[in-house]
Amino acid sequence: MNISIKNLNKSYENEEIFNDFNMDFYDEKVNCIIGRSGCGKSTLLNIIAGLTDIQSGGIHGVSLSDISYIFQEDRLIEWLTVKENLELTLKKYYDKFVIDEKINELLELVGIYDIKNKYPNALSGGMKQRVNIARAFGKPSKVILMDEPFKSLDYKLKYTIIDEFKTLLNKEKRMVILVTHDLDEAIYFQGNITVFSNKPVQIKGIFNKDLDKSKDEILKIIYTD
């Protein structure tokens with residue numbers, strides 16, 4: 001299953017974000033979008049997720065029920081434990097007799113089984129993001145949207161969590177659409193990298209192999225108008 005954005009048009013008042021914009025995302029790949037701050041990367045994710053309206057155009061190959069979303073902020077419910085936060089999502093998709101087993105499996109995979117009975121205010125930022133990843137994989141979705149989910153984490157923790165995420169992807173093949181401002185992070189995922197221009201968005205370049213060799217070229221494209 002691939003996703004195609006066709007002739008997308010989106011404006012806010014007098015600011016044009018997308019003008020007859022077209023783009024494809026590929027199944028079982030990490031599709032990275034990179035570009036300058038405020039260029040429209042997060043807007044596109046929100047459009048795909050049905051959180052932002054458009055003037056015209058269409059998104060083909062995906063329905064809202066196919067999507068999980070990992071936001072920059074954790075969006076955990078503070079008065080529920082980690083286990084209860086996960087139950088809230090999983091009970092929509094799984095029989096109650098298997099939910100406990102599913103939660104235990106997910107928390108083991110992201111290395112936080114021992115905090116399942118804690119409340120979010122007792123967790124570090126890294127632990128909260130692990131819960132978010134577990135929740136996203138807990139939903140039987142085909143597509144995971146990620147809006148700079150590692151932005152607030154320190155370098156070592158970020159790459160530890162990315163490794164855990166990649167392990168989950170190897171177990172359960174999903175399409176991932178990742179918005180990031182960090183080129184090293186995008187390269188580390190070893191997927192496709194699409195470079196956005198400033199608004200109105202155009203695709204300035206697409207890279208899908210030999211990414212390390214292309215780093216300087218990608219940086220030049222990002223920061224050249």
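This is a short tour of a predicted model, stop by stop.

Residues are numbered from 1 along each chain as its sequence is written, and side-chain values use heavy atoms, with hydrogens and water left out. Local features need pLDDT of at least 70 and side-chain atom pairs count only at pLDDT 80 or more, while totals for chains, interfaces and linings use all residues.

**Stop 1**

Select residues 3-12, which are strand E1, then strand E2 (15-25) and strand E4 (56-60). Helices (H or I, at least four residues) and strands (E, at least two) are DSSP runs, numbered from the N terminus. These three strands form an open, antiparallel sheet in the order E2-E1-E4. E2 and E4 stand at the edges with a single partner strand each, so one side of each has no neighbour in the sheet. Neighbouring strands here are turned by 20° against each other on average, direction ignored.

E1 and E2 pair over seven bridges; strands count as paired if DSSP finds at least two bridges between them. Click Ser-4 and you will find Asp-24 of E2 opposite.

Stay in E2 for Asp-20. Its phi is positive, about 50°, although Asp-20 is not a glycine. Asp-20 is partly exposed, at 45% relative accessible area (buried is under 20%, exposed over 50%, partly exposed in between, with a 1.4 Å probe and protein chains only).

**Stop 2: strand E5**

Now select 67-70, strand E5. Are its faces covered or open? Both are covered: Ile-67 and Tyr-69 on one side, Ser-68 and Ile-70 on the other, all buried. In a regular strand the side chains alternate between the two faces of the sheet.

**Stop 3: the lining of the largest pocket**

E5 gives the largest share, three residues. Among the residues nearest the pocket centre are Tyr-69, Phe-71 and Lys-139. A pocket is, on a 1 Å grid over the protein atoms alone, an open set of points where a 1.4 Å probe fits, with protein on both sides within 12 Å along at least five of seven lines; lining residues have an atom within 4 Å of a point.

**Stop 4: two loops**

Go to Pro-200, in the loop between strand E8 (192-196) and strand E9 (203-207). The peptide bond from Lys-199 to Pro-200 is cis, with omega near -10°.

Finish at Gln-190, in the loop between helix H6 (183-188) and E8. Its phi is near 60°, positive in a residue other than glycine, and Gln-190 counts as exposed at 63% relative accessibility.

Terms used
Axes fitted to C-alpha atoms, helices over the stretch in contact; angles between N-to-C directions.
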